[in-house]
Amino acid sequence: MSDPFDIHDYLAEFEDIPGTRVYTAARARQGYHMNQFAMSLMKAENRERFKADERAYLDEWPLTQDQKQALLDRDYNRCLDLGGNVYFLSKLFSTDGIPFAEAVSTMTDMSFPEYREMMMKGGRSPEGLRSIREKR
Amino acid sequence: MARITAGVASSHVPLLGVASDFGKDRDDYFGPIFAGYDWTRAWEKAEKPDVVVLVYNDHASAFDMKIIPTFAIGCGERYKSADEGWGPRAVPDVEGHPDLAWHMAQSLILDEFDMTIINEMDVDHGLTVPLSMMFGKPDAWPCKIIPLAVNVVTYPPPSGNRCWALGEAIKKAVESFPENLNVQIWGTGGMSHQLQGARAGLINKAWDNMFLNGLIGDSDHLRRIPHIEYLRETGSEGIEMVMWLIMRGAMGRKTRALHRHYHVPCSNTAIGHLVLRPDNGEGLDMTGSGTATEIAAE
């Protein structure tokens, strides 16, 4: 048997984590076509068509203008805000031929060399980044 | 009868597959990571499992957003390595064990775990990286593999408690299979990592080691950790560790650790690796579980 739970409390707590967008049902719905677009880049012929004319390829998908612009700009934080998921967006990282960690670093306030350096030193400490409300 | 003789936990970072495939596994960066698996590769050669039930998650490869199964079991004959955007990994095909897999599926469903059954799919780094870490680079994988895919991408993933209970049901299912088979169960993914947003790069060594400690012995407190704790303490992708609890649940009440390894970083991720033996008087001392040198000498 499961422990007692309240689905509204469960979901509300996700908004209390700094610098993090949990891939909830709401985001999955909002980003459905964005993620399916990214998924289409797993096929070599689609990657070629996308690279030849990114805008035209994106226009084939029922995406909002904001979603298209975020993808064209490779603004991954904005993509996450609009329902993107990093495992799907990673198909775009590989289409661009950039390492996963480099794409991840663009979502932080660091350059890729600075981000790599932080990882080599043991990564980002969770101190102060667990909860906005509780400041811990 | 078939029996579960060991449990293995391991991270499954895609970059480890790249390092293995392109011969970088002993360089300065990857050397310390792969060295932590040397013991296990020698041990696996001596243990000679017939089947591995490999708990992993698909990363937008076999499953997209069209269908999202919470727990899915591979009952097919054979699986190919997925093209994750840069061509499929040049690793052997994965051979399934449809007889045991279908038996497990039936037993699990009767046990009230409503499994999705998969007959055809490609398998991505979540499954093939652990095979490379544990078996190296053979021409064919040395045993049959039953893929068990868990949704840990779209929220909510299954609870830790549910994962642990699935492990208990898997033990029961395997032990009711009449053929004598040496079966291992592997839980993969983790440990702490966050691949998105301003908090990307989060690593929590203290928490990860608490989790590793908790898998050893007879405590079952890890099954009560809520999702929010994984998210806050181990980053948004640390939730993959619930898959380790499926492995732990299949070990029975008590375990002992045969081997342990922890390393930071691999790309964005903390690497964790643990080899467990069920320790409930089963007498499952397949290889003596001695030092790596003793085992390699066999």
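The questions and answers below treat the chains, their contacts and some backbone features.

Analyst: This is a predicted model, in which local features need pLDDT of at least 70 and side-chain atom pairs count only at pLDDT 80 or more, while totals for chains, interfaces and linings use all residues. Residues are numbered from 1 along each chain as its sequence is written, and chains are lettered from A and ligands numbered from 1 in the order in which they are written.

User: Which helix gives the largest share of the side of chain A that touches chain B?

Analyst: Two residues are in contact if their C-beta atoms, placed from the backbone, lie within 7 Å. By that rule, 45 residues of chain A are in contact with 32 residues of chain B. Helices are DSSP runs of H or I with at least four residues, strands are runs of E with at least two, and both are numbered from the N terminus. The largest share of this side of chain A, six residues, comes from H8(A).

User: How many residues of the side of chain A that touches chain B are nonpolar?

Analyst: Ala, Val, Leu, Ile, Met, Phe, Trp, Tyr, Cys and Pro count as nonpolar, Asp, Glu, Lys and Arg as charged, and the others, Gly among them, as polar. This side of chain A has 14 polar and six charged residues, and its nonpolar residues number 25.

User: What is the radius of gyration of chain B?

Analyst: The radius of gyration is taken over C-alpha atoms, and the globule rule is 2.2 Å times the number of residues to the power 0.38. For 298 residues, a compact globule would have a value near 19 Å, which agrees with that of chain B, 17 Å.

User: How do H1(B) and H5(B) lie to each other?

Analyst: Axes are lines fitted to C-alpha atoms, for helices over the stretch in contact, and angles run from 0 to 180 degrees between N-to-C directions. The axes of H1 (residues 14–21) and H5 (residues 125–135) of chain B come within 9 Å and cross at roughly 50 degrees. Angles under 35 degrees count as roughly parallel, over 145 as roughly antiparallel, 65 to 115 as roughly perpendicular and the rest as oblique. H1(B) and H5(B) are therefore oblique.

User: In which crossing, left-handed or right-handed, does H6(B) pass H9(B)?

Analyst: Helix H6 (residues 160–175) and helix H9 (residues 242–249) of chain B pack at an angle of about 35 degrees, with their axes 6 Å apart. A crossing is left-handed if the near helix is turned anticlockwise from the far one by less than a right angle, and right-handed if clockwise. The crossing of H6(B) past H9(B) is right-handed.

User: Which residue does a cis peptide bond join to B:Val264?

Analyst: Most peptide bonds are trans. The cis bond at B:Val264 has an omega of about -5 degrees, and the residue joined to B:Val264 is B:Pro265.

User: Is B:Ser267 buried or exposed?

Analyst: B:Ser267 has a positive phi of about 55 degrees although it is not a glycine, and this residue lies in the loop between S10 and strand S11 (269–278) of chain B. A residue is buried if 20 or more other C-beta atoms lie within 10 Å of its own, exposed if 12 or fewer, and partly exposed in between, with C-beta atoms placed from the backbone. Because B:Ser267 has 20 other C-beta atoms within 10 Å, this residue is buried.

User: Is A:Lys135 buried or exposed?

Analyst: A:Lys135, in the segment after H10 of chain A, has a positive phi of about 45 degrees although it is not a glycine. Because A:Lys135 has 8 other C-beta atoms within 10 Å, this residue is exposed.
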